[in-house]
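Please prepare a briefing on the structure shown here, grouped by topic and written for a reader who wants the cut-offs stated along with the findings.

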Amino acid sequence: MKDQYVGDINDYRKYVLLRLLSADSENHIGVCWMLTPSDGRMDGGKLAYLQQPERHRHIDPVLFDILVHAASSPDHRRLATIENNGAIPGALYQNDLLPDDPTGRHAFMARCASAFSNVDLIFFDPDNGLEVALPKGRRNSSKYLYLDEVATFFDTGKSLLIYQHFPRIERSAFINSCVERLRSAAPRAAIWTYTTAHVVFLLLIHPESPARLAFAAMLACERWGAEFITGRFLGFEPPTL
């Protein structure tokens with residue numbers, strides 16, 4: 001995640017989903033921004049929807065107004081605006097910069113585990129998504145969440161929501177590949193996907209998580225149209241052929 005993305009259309013979808021999963025803060029959420037420095041690019045420029053309230057505000061008026069405020073000036077376009085305005089009810093945040101180096105990254109994840117020891121769901125918001133061939137510790141490895149980290153947090157009893165940007169390959173096959181990799185890291189998880197025009201959110205619910213979290217996940221599959229977010233429950237195990 002970068003401050004330059006705050007308020008864009010992907011952000012709107014992300015916070016709408018998190019707000020529903022929080023169930024008015026009945027489900028306690030920890031947000032690990034996996035924050036990286038601005039790269040000076042214009043990727044976060046997808047703000048035109050904020051000029052079309054008649055099309056978009058009805059989805060979540062309170063959140064929409066928060067994001068209008070966030071996009072109103074460079075001083076407001078920061079994650080602190082999201083945190084301080086209650087965009088995700090009752091959430092806790094890990095908002096340190098995530099370094100590339102292995103020692104710094106390990107310390108970052110340890111702080112995250114400590115801060116989120118009592119939450120039901122941890123949201124990981126990497127720039128790109130799940131790990132690729134780039135080894136942990138190399139330059140730009142901070143843009144990815146690694147599968148051993150997924151396994152570590154899941155093994156502590158936490159449910160996880162993971163941001164995943166779509167690469168330029170066929171999307172269904174890519175999502176299936178992500179799910180297969182996540183099943184290897186968290187074999188007991190119930191898995192949901194929430195697909196949008198640019199990203200997919202991958203939800204892994206731990207079997208010891210409260211039933212209200214799975215209920216919220218099911219509601220999120222029914223709440224919005226395909227043009228906004230499409231939710232799908234993939235079950236506990238891969239289908240038997």
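With which residue does Asp65 form a salt bridge, and how far apart are the closest N and O atoms? Asp65 forms this salt bridge with Arg57, and the closest N and O atoms of the two are 2.8 Å apart; a salt bridge here is a side-chain nitrogen of Lys or Arg within 4 Å of a carboxyl oxygen of Asp or Glu. The model is a predicted one, in which local features need pLDDT of at least 70 and side-chain atom pairs count only at pLDDT 80 or more, while totals for chains, interfaces and linings use all residues. Residues are numbered from 1 along each chain as its sequence is written, and side-chain values use heavy atoms, with hydrogens and water left out.

**Salt bridges**

- The structure holds nine salt bridges, and in general side chains of opposite charge can pair when their charged atoms come close.
- In the pair described above, Asp65 counts as partly exposed at 36% relative accessibility, and Arg57 likewise counts as partly exposed at 33%; buried means under 20% relative accessible area, exposed over 50%, and partly exposed in between, with a 1.4 Å probe and protein chains only.
- Arg105 and Glu149 meet through their side chains in a salt bridge of 2.6 Å, N to O, and this pair links distant parts of the chain, with Arg105 in helix 5 (residues 102–115) and Glu149 in helix 6 (residues 147–155), 44 residues apart; helices (H or I, at least four residues) and strands (E, at least two) are DSSP runs, numbered from the N terminus.
- Both Arg105 and Glu149 are buried, the relative accessibility of Glu149 being 7%.
- Glu149 also forms a salt bridge with Lys136, where the closest N and O atoms are 3.6 Å apart; Lys136 lies in the loop between strand 4 (129–130) and strand 5 (144–145) and Glu149 in helix 6, so the pair ties together parts that are 13 residues apart in sequence.
- Lys136 is partly exposed, with a relative accessible area of 33%, and salt bridges that share partners join Arg105, Lys136, Asp148 and Glu149 into one network.

**The sheet and the helices on it**

- An open sheet of mixed pairing is formed by seven strands in the order 2-1-3-6-8-7-9, where two strands pair if DSSP finds at least two bridges between them.
- Strand 2 (92–94) and strand 9 (230–235) stand at the edges with a single partner strand each, so one side of each is left without a neighbour in the sheet.
- Neighbouring strands of this sheet are turned by 20° against each other on average, direction ignored; axes are lines fitted to C-alpha atoms, for helices over the stretch in contact, and angles run from 0 to 180 degrees between N-to-C directions.
- Strand 3 (residues 121–124) pairs with strand 6 (residues 159–165) in the parallel sense over four bridges, and Phe123 stands opposite Leu161 in strand 6.
- Helix 1 (residues 9–22) packs on the sheet, touching strand 1 (29–32), strand 3, strand 6, strand 7 (190–195) and strand 8 (199–205), and its direction makes about 20° with that of strand 8; contact means heavy atoms within 4.5 Å.
- Helix 8 (residues 211–222) lies across strand 3, strand 6, strand 7, strand 8 and strand 9, and runs at about 30° to strand 7.

- Strand 8 runs antiparallel to strand 6, joined by six bridges, with Tyr163 opposite Phe201.
- Six bridges also join strand 8 to strand 7, again antiparallel; Trp192 has Leu203 as its bridge partner, and the two strands form a hairpin with three residues between them.

**Nonpolar cores**

- Of the 44 residues in the largest nonpolar core, Tyr12, Tyr15, Leu17, Leu161, Tyr194 and Leu203 touch the most other members; such a core is a set of buried Ala, Val, Leu, Ile, Met, Phe, Trp, Tyr and Cys residues joined through side-chain atoms within 4.5 Å.
- Helix 1 contributes the largest share of this core, eight residues.
- A second, separate core of 33 residues includes Val119, Phe174, Val179 and Ala185.
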